[in-house]
Each structure stands twice: as structure tokens, then as C-alpha cells.
Amino acid sequence: MPIQVENLSHTYMPGSPFSSVAIHNLSLTIADGEFVGILGHTGSGKTTFVQHLNGLLMPTEGRVVVNGTDITARGAGLRELRKQVGLVFQYPEYQLFEETVVKDIAFGPKNIGCTKEEIDERVRWACEQVGVDYETTGKASPFEISGGQMRRVAIAGVLAMRPKVLILDEPTAGLDPEGRRSILKMIQKLHRDNNMTVIMVSHNMDDIATLATRLIVMNKGTLEMEGTPREIFRQAKRLKKIGLGVPQGAELAQRLIREGYEIPDDLYTLEEVCDAVLKLGEVSRGV
């Protein structure tokens with residue numbers, strides 16, 4: 001399900017003394033099946049941008065076209081769109097409210113009129129996708145399980161709508177290192193197994209580096225940079241100028257280059273840097 005954004009601008013409270021431009025003249029395309037990472041410091045417009053992709057916000061100017069349909073046009077079928085484009089907010093577990101995990105995951109399908117059989121099938125599938133046991137955890141209260149499990153349940157509630165596009169806003173926020181790794185692995189599997197377009201907002205460079213195939217960098221509501229992780233992270237000075245860092249691997253690679261090590265300047269994962277240094281050692285020993 002491709003997404004095309006054309007000259008998108010959004011102003012909060014236009015015409016008032018509190019008017020604030022959040023996005024200005026943003027244009028980009030997201031291809032079907034991509035895993036796109038969206039980066040930017042606080043206030044860069046990331047969250048405002050992704051809320052336009054399923055019609056939660058409407059642009060002040062410009063348009064958004066999803067799968068060939070202008071969703072910003074008058075009369076656009078936003079109810080149908082939101083079945084296809086699922087948005088997981090930051091700290092989504094705060095939106096859990098039902099008596100049991102299963103009932104919470106079933107809320108969306110029930111609301112759109114699915115039959116009991118369809119609801120059960122969707123809930124079981126969503127539980128499987130996020131690694132939640134339907135028979136045991138499914139019967140528990142969502143408020144009696146761990147924070148990481150609550151996050152999975154909240155994501156399952158969006159997946160139960162069977163979206164073709166999944167948008168995640170800071171999906172690992174507030175989790176401990178183990179919980180963060182677990183959620184990232186789950187997201188990677190979702191993308192790989194379901195050919196689902198994934199759009200992930202994050203401030204964590206290492207998270208993005210290991211998952212996304214393309215990066216969109218926002219700054220002051222505009223598109224600052226766009227490209228593969230390798231293309232983006234080799235521009236460390238430019239990223240730091242707008243208040244962003246680079247993955248640990250890229251930081252280490254640049255430090256080694258400054259120390260005189262002859263390794264490629266576009267390395268951005270620790271594994272790549274280790275491999276490059278080991279190869280230098282083999283060359284120096286004549287192996």
C-alpha cells in the first residue's frame with residue numbers, strides 16, 4: 001500500500017495568537033512493503049506527520065494519497081482507511097481498558113462488525129504475531145501483566161484490524177533494555193512475515209539502524225535528509241548540527257578513522273566495524 005505525501009503543511013490553531021507551524025511543505029513517497037524510520041529531535045514534526053497518514057490530522061495545505069486515494073479530499077472514507085493504516089501511539093498501554101487481554105484485542109474488530117468467528121480468528125492471529133499466549137495471558141487482566149506484555153497487547157489490538165501499513169510512534173519508549181530488544185525483534189518479524197509496510201518513529205539511532213531500510217530525517221517541520229541508513233549515518237556532522245546523534249557503530253568507525261585506521265567511512269553497526277578492524281589485522285599479518 002504505497003503512500004504519497006505532496007507539499008504537506010500543518011499549522012496548529014491557525015489565525016490565532018497561538019498559531020504554530022508543525023510541518024512545512026513536506027513531500028515524500030513510501031513504497032509498499034518498506035520499513036521506514038523517521039528521525040528528528042523533539043518538536044521536529046514527526047508525530048504530527050504520521051498522524052496525517054491515517055487521517056487523524058488533516059493538512060493545512062497539501063495532500064496525502066494512500067494506495068491511489070486522496071485521503072485528504074472531502075468525503076474520503078477515513079473509517080475504511082483506518083482499517084488499512086494502523087497507528088500505535090507512544091505508550092499505547094495507557095489505552096488498555098477491558099477486563100481481559102482478549103477483550104481488549106477484540107475491541108477493534110468488534111467495533112467494525114466482525115462476526116464472533118472472525119473476531120476470534122483475528123485475536124488469535126494478533127496474539128501469535130506479538131508473542132502473547134491466547135490461552136493463558138489472554139484470560140488475564142491487561143493491568144496484571146508486565147509492561148512489555150502490555151505493550152505487546154496494545155500493538156495486538158491494532159494488528160487485529162489487519163492493517164497493511166503499521167505506524168509505530170516510539171514503540172520502545174520507557175522499556176528496559178530487555179523489553180526494548182524484545183519489542184524490536186517482534187516488529188522486525190512482523191515486517192518480514194507479513195510483507196507489511198512499517199513506519200517507525202524513533203529517537204534511538206541504534207534501534208533504527210538495525211531495522212529500517214530507509215530513513216527520513218525531519219528538522220523544524222521540514223524534510224532535512226532522506227536515504228538509506230548507510231547514506232544518512234555517514235553524515236554525522238550534519239546530524240549533530242540538527243541535534244541528532246549516530247549509532248554507536250558509526251561513532252566508533254569515525255573515531256577509528258580519525259585515529260588513522262583505514263576502514264570505510266559509511267559503517268554504522270558495531271558488527272561491521274568489528275569485521276573491518278579484524279580484516280585490517282589479517283592484512284597486517286599477511287593472512
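## Secondary structure and model basis

The protein contains 11 helices and 10 strands, where helices (H or I, at least four residues) and strands (E, at least two) are DSSP runs numbered from the N terminus. This is a predicted model, in which local features need pLDDT of at least 70 and side-chain atom pairs count only at pLDDT 80 or more, while totals for chains, interfaces and linings use all residues. Residues are numbered from 1 along each chain as its sequence is written, and side-chain values use heavy atoms, with hydrogens and water left out.

## Overall dimensions and burial

Along the principal axes, the C-alpha atoms fill a box of roughly 70 × 50 × 35 Å.

Of the 287 residues, 50% are buried, meaning under 20% relative accessible area with a 1.4 Å probe and protein chains only.

## Helix α4

Helix α4 (residues 116-130) has 15 residues and should span 21 Å at 1.5 Å a residue, which agrees with the 21 Å between its end C-alpha atoms; the expected span is 1.5 Å times one less than the number of residues.

The buried residues of α4 are I119, R122, V123, W125, A126, C127, Q129 and V130, and they pack against α3 (101-111), α5 (147-159) and α6 (177-194), with contact meaning heavy atoms within 4.5 Å. Just after α4, G131 adopts a positive phi of about 75°.
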